[in-house]
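Visitor: Hello! I am new to protein structures, and I would like to learn how to read one.
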Amino acid sequence: MCGWPLGLVEEVYVFGSYARGALEPNDVDVDVVIEHGTDKRWLGESLDASINGRDSYVGMRQALRGRTRGISFQFRGRSSLLDEGFELFLLWRKGEPFSLARERLASLAADPEAGPAPRGHMLTEFEGLESPVPRPARIELFSRHVKGRISITPLRLVDGELEDPEVAWHVRRRWVETSPLRRAATCALAALEQ
């Protein structure tokens, strides 16, 4: 993989339903683990994203996926998935030709007997949020919920107007009018005001 940030990728694995040959996976079509290194640019951009409340993996996700949908990425999650008993299928390792990755991918045979992968660490409250809520966060939230340390209640947000002019000013200052994040923030803040 060449170019930045793809040049940081060291290993690519698939796991879950697709790797087991399931014909009808539960939620996403392919679960992919990306192991990667860092450089000064990565560290700087990650720090900037973190400080500004953004996802530091947006650029890498877009570079890897392009316009393809149905792919869920786990970044630097190989060891935790192995600890949980997941079987990972190596697709590519840095230095290998991409033709080998295509051969490995072609070797995954469809298995009509393989149903969807078990969905551990899932609560009904997470339904439909499998992609936006990263797996490590779901695991932590699930653990705290089942131990009774927190309760999770889904809240359906609807469009609304902000009553507090100072709050509305901060939202307008932070996001342009067409940003979906502006709409989401406005809905959440309007719900809190209520």
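Guide: Welcome! Let us begin with pairing: two strands pair if DSSP finds at least two bridges between them. Strands (E, at least two residues) and helices (H or I, at least four) are DSSP runs, numbered from the N terminus. Here, Val 33 has Gln 74 in β3 as its bridge partner.

Visitor: What should I know about the model before we go on?

Guide: This is a predicted model, in which local features need pLDDT of at least 70 and side-chain atom pairs count only at pLDDT 80 or more, while totals for chains, interfaces and linings use all residues. Residues are numbered from 1 along each chain as its sequence is written, and side-chain values use heavy atoms, leaving out hydrogens and water.

Visitor: In what order do the four strands form the open sheet?

Guide: In general, strands of a sheet pair through backbone hydrogen bonds, either parallel or antiparallel. In this structure the order is β3-β2-β1-β4, with mixed pairing. The edges are taken by β3 (71–75) and β4 (89–93), each with a single partner strand, so one side of each has no neighbour in the sheet. On average, neighbouring strands are turned by 25° against each other, direction ignored; for such angles, axes are lines fitted to C-alpha atoms, for helices over the stretch in contact, and angles run from 0 to 180 degrees between N-to-C directions.

Visitor: How many bridges join β2 to β3, and do they run parallel or antiparallel?

Guide: β2 and β3 are joined by five bridges and run parallel. β1 and β2, by contrast, run antiparallel and have six bridges; Val 12 is partnered there with Ile 34 in β2. Strand β1 (residues 9–15) also runs antiparallel to β4, through four bridges. Along that pairing, Glu 11 stands opposite Arg 93, and Tyr 13 has Leu 90 as its bridge partner.

Visitor: Why is β1 described as largely enclosed?

Guide: First, the scale: buried means under 20% relative accessible area, exposed over 50%, and partly exposed in between (1.4 Å probe, protein chains only). Six of the seven residues of β1 are buried, so the rest of the structure largely encloses this strand. β3 is mostly covered too, with four of its five residues buried.

Visitor: Where is His 36 placed, and is His 36 buried or exposed?

Guide: His 36 lies in strand β2 (residues 30–36) and counts as buried, because its relative accessibility is 3%. A polar contact is a pair of N or O atoms within 3.5 Å; within protein, one must be able to donate a hydrogen and the other to accept it, and residues adjacent in sequence count only if both atoms are side-chain atoms. The side chains of His 36 and Tyr 57 make such a contact at 2.8 Å. Contact in the wider sense means heavy atoms within 4.5 Å. Leaving aside residues up to four places away in sequence, His 36 touches several residues, including Leu 8, Trp 42 and Phe 75.

Visitor: Which side chain makes a polar contact with the side chain of Arg 144?

Guide: That is the side chain of Glu 140, at 2.6 Å. Arg 144 sits in helix α6 (residues 135–146) and is partly exposed, with a relative accessible area of 33%. Not counting residues up to four places away in sequence, Arg 144 touches Arg 149 and Ile 150.
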